[in-house]
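Please look over the chain shown below, with its strands, helices and aromatic rings in mind. The report that follows moves from strands to loops, to a helix and then to rings.

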Amino acid sequence: MKLNLSEIIRATNAEIIFENKNVINKNINVFDFSTDTRTIKNGDIYIPIKGKNFDGESFIQNACNLGAIGYFTTDKNNIVNKADIVFFVHDTQEAYLQLANFYKRKFNPYTIAVTGSSGKTTVKEMMYSVLKNAGETVKSELNHNNEIGLCQTLSAIEKTTKYLVVEMGMRGQGEIEILSKYAEPDIGVIVNIGSAHIGRLGSLLNIAKAKFEITKYIKNNGVLISHENELIKQINDNKHKTIFFNLKDVKINEMTEFHSIFNYKGNEYKLNIAGEHNIQNALAVIEAGIFMGLTPEIIAKGLAEFSPIEKRWEIQTIKGFNIINDCYNSNPDSVKAALKTFLDLTKAGKTVILGDMGELGLNEENYHIQIGNYLEQFNCDYVLTFGNLAKYIQPKNIKTIHFETKNELVEYIKKNLPKGENILLKASRYMKFEEIIEELKK
């Protein structure tokens with residue numbers, strides 16, 4: 001993201017409180033920006049972000065020592081050595097968002113914003129896989145789904161960018177509204193409404209309201225594409241065209257643990273990933289593609305080229321065990337979807353390893369008990385659990401063992417599970433279940 005001095009002022013309404021006119025020429029200088037002194041480059045403008053546990057303004061001198069030509073500050077008395085230009089603003093994070101939005105508007109790519117309780121990263125990646133066949137596309141990388149991540153994504157736009165896909169996460173009310181304000185989407189996608197973050201928001205209705213904030217700044221000729229959900233229907237203000245998608249409108253032709261083939265609205269699609277929930281994710285992409293005028297052939301080609309990202313239904317064989325790593329994140333809805341897919345489609349030799357689900361609030365124990373109850377309808381060899389909450393997962397008709405350490409769990413697998421056993425790993429990211437895989441490899 002490169003902007004000249006006049007563009008910076010127009011975007012942020014910043015006040016220049018120090019300027020070295022021997023160095024700064026408003027007609028010549030073009031600046032790039034950095035929020036991290038570890039990656040700062042010579043000539044960058046440093047934007048110090050403030051958080052609960054850090055204050056980027058305390059690193060301003062360090063940023064200038066490392067090559068920053070100037071910086072933003074919320075303190076008019078904060079003038080340090082080696083700076084050639086200093087901008088005063090009331091909120092540095094807002095200034096960063098304003099700069100990113102200004103930069104996006106220069107090129108105005110068609111923008112699709114994606115949110116949901118689960119599956120939003122998968123939908124974002126599916127969307128990218130389709131759109132890159134129709135034109136140059138920029139997407140949110142990794143889990144860059146907050147304000148800083150949005151700015152980083154918008155900063156990656158180039159003159160030739162035709163499409164932009166942004167993922168929007170949230171931990172509370174008002175956060176997606178901010179992201180929508182500065183992304184200005186043409187299409188807003190709500191993948192689903194589930195119990196992720198219910199500990200913070202208190203109810204599914206509040207979660208739905210928080211997700212619905214994505215519509216606040218959809219462009220006038222844009223559209224909301226949402227899983228058919230009664231809560232969304234209840235709060236929908238109908239200010240924008242709304243398209244609902246539902247798995248009941250799908251005919252599944254074939255499904256294995258490796259792929260799915262299905263018909264939707266007269267066209268056949270293939271996914272190199274299993275699960276009805278992933279077919280449902282694909283419906284959001286199909287509907288967006290149809291709205292944008294893409295042909296069924298381009299949509300089908302992109303979906304067929306999609307492959308799961310790391311820790312999302314990642315299949316590998318380790319020491320004779322067939323491992324499915326689905327530990328990018330975990331909540332009651334995504335756990336049930338993963339269990340159903342794995343236990344329905346895997347023919348024999350089935351072990352499930354489950355860890356804690358986070359951010360479920362006061363009823364967190366009950367949510368884990370419910371997972372145990374849900375498991376009772378399936379055939380499964382073993383349920384192995386690790387975590388302070390996972391110990392409450394206790395299906396009555398399946399051999400279930402709880403472990404105090406990951407090492408004990410791994411040793412049990414090595415000594416007791418037969419070679420060729422199919423193993424599903426599912427837990428919240430903070431449980432670091434990838435360590436189980438690494439221990440198995442040793």
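How many of the 6 residues of S8 are buried? The strand is mostly covered, since 5 of the 6 residues of S8 are buried, where buried stands for a relative accessible area under 20%, exposed for over 50% and partly exposed for values in between, with a 1.4 Å probe and protein chains only. Strands here are DSSP runs of E of at least two residues, and helices are runs of H or I of at least four, both numbered from the N terminus.

The model is predicted, with local features needing pLDDT of at least 70 and side-chain atom pairs counting only at pLDDT 80 or more, while totals for chains, interfaces and linings use all residues. Residues are numbered from 1 along each chain as its sequence is written, and side-chain values use heavy atoms, leaving out hydrogens and water.

Two strands pair if DSSP finds at least two bridges between them.

| Strands | Sense | Bridges |
|---|---|---|
| S8 (residues 110-115) and S11 | parallel | 4 bridges |
| S8 and S10 (residues 163-167) | parallel | 5 bridges |
| S11 and S12 (residues 223-227) | parallel | 4 bridges |

Tyr110 stands opposite Tyr163 in S10, while Ile112 has Ile187 of S11 as its bridge partner and Val114 has Val189 of S11. Val189 is in turn bridged to Ile225 in S12. Along S11 (residues 187-190), Ile187 and Val189 point one way and Gly188 and Ile190 the other way, and all are buried.

**The sheet S2-S7-S6-S5-S4**

A further 5 strands form an open sheet of mixed pairing, in the order S2-S7-S6-S5-S4. Its edge strands are S2 (15-19) and S4 (33-34), each of which pairs on one side only. S4 and S5 (residues 45-46) pair in the parallel sense over 2 bridges, and Ser34 stands opposite Tyr46 in S5. Helix H1 (residues 5-12) lies across S2, S4, S6 (70-73) and S7 (85-88), running at about 15 degrees to S7; such angles run from 0 to 180 degrees between N-to-C directions, with axes fitted to C-alpha atoms and, for helices, over the stretch in contact.

Within S6 is Gly70, which counts as buried because its relative accessible area is 0%. Leaving aside residues up to four places away in sequence, Gly70 touches Asp44, Ile45, Tyr46 and Ile85, a contact being heavy atoms within 4.5 Å. The C-alpha atoms of Gly70 and Lys82 are separated by 8.3 Å, the two residues being 12 residues apart along the chain.

**Loop residues with positive phi**

Lys82 lies in the loop between S6 and S7 and counts as exposed because its relative accessible area is 57%. Most residues other than glycine have a negative phi. Phi of Lys82, however, is positive, near 75 degrees, and phi of Glu359 is also positive, near 60 degrees. Glu359 lies in the loop between S19 (350-355) and H13 (364-375), and counts as partly exposed because its relative accessibility is 30%.

**Helix H10**

Why does the span of H10 agree with its 17 residues? At 1.5 Å a residue, helix H10 (residues 276-292) should span 24 Å, and its end C-alpha atoms are 25 Å apart, which agrees; the expected span is 1.5 Å times one less than the number of residues. H10 is mostly covered, with 13 of its 17 residues buried, and is followed by Gly293, whose phi is positive, near 90 degrees.

**Aromatic rings**

The whole structure contains 6 aromatic pairs, meaning rings of Phe, Tyr and Trp (its six-membered ring) with centres within 6.5 Å, called stacked if the planes are under 30 degrees apart, edge-to-face if over 60 and tilted for the rest. One of these pairs, Phe403 and Tyr412, is tilted, at 5.5 Å centre to centre and 55 degrees between the planes, and both residues are buried. Ring pairs link Tyr382, Phe403 and Tyr412 into a cluster.

Charged side chains also sit over rings, which here requires NZ of Lys or CZ of Arg within 6 Å of the ring centre and within 35 degrees of the ring normal. Lys139 lies over the face of Tyr128, at 4.6 Å from the ring centre, and the charged end of Arg429 sits over the ring of Tyr328, 4.1 Å from its centre.
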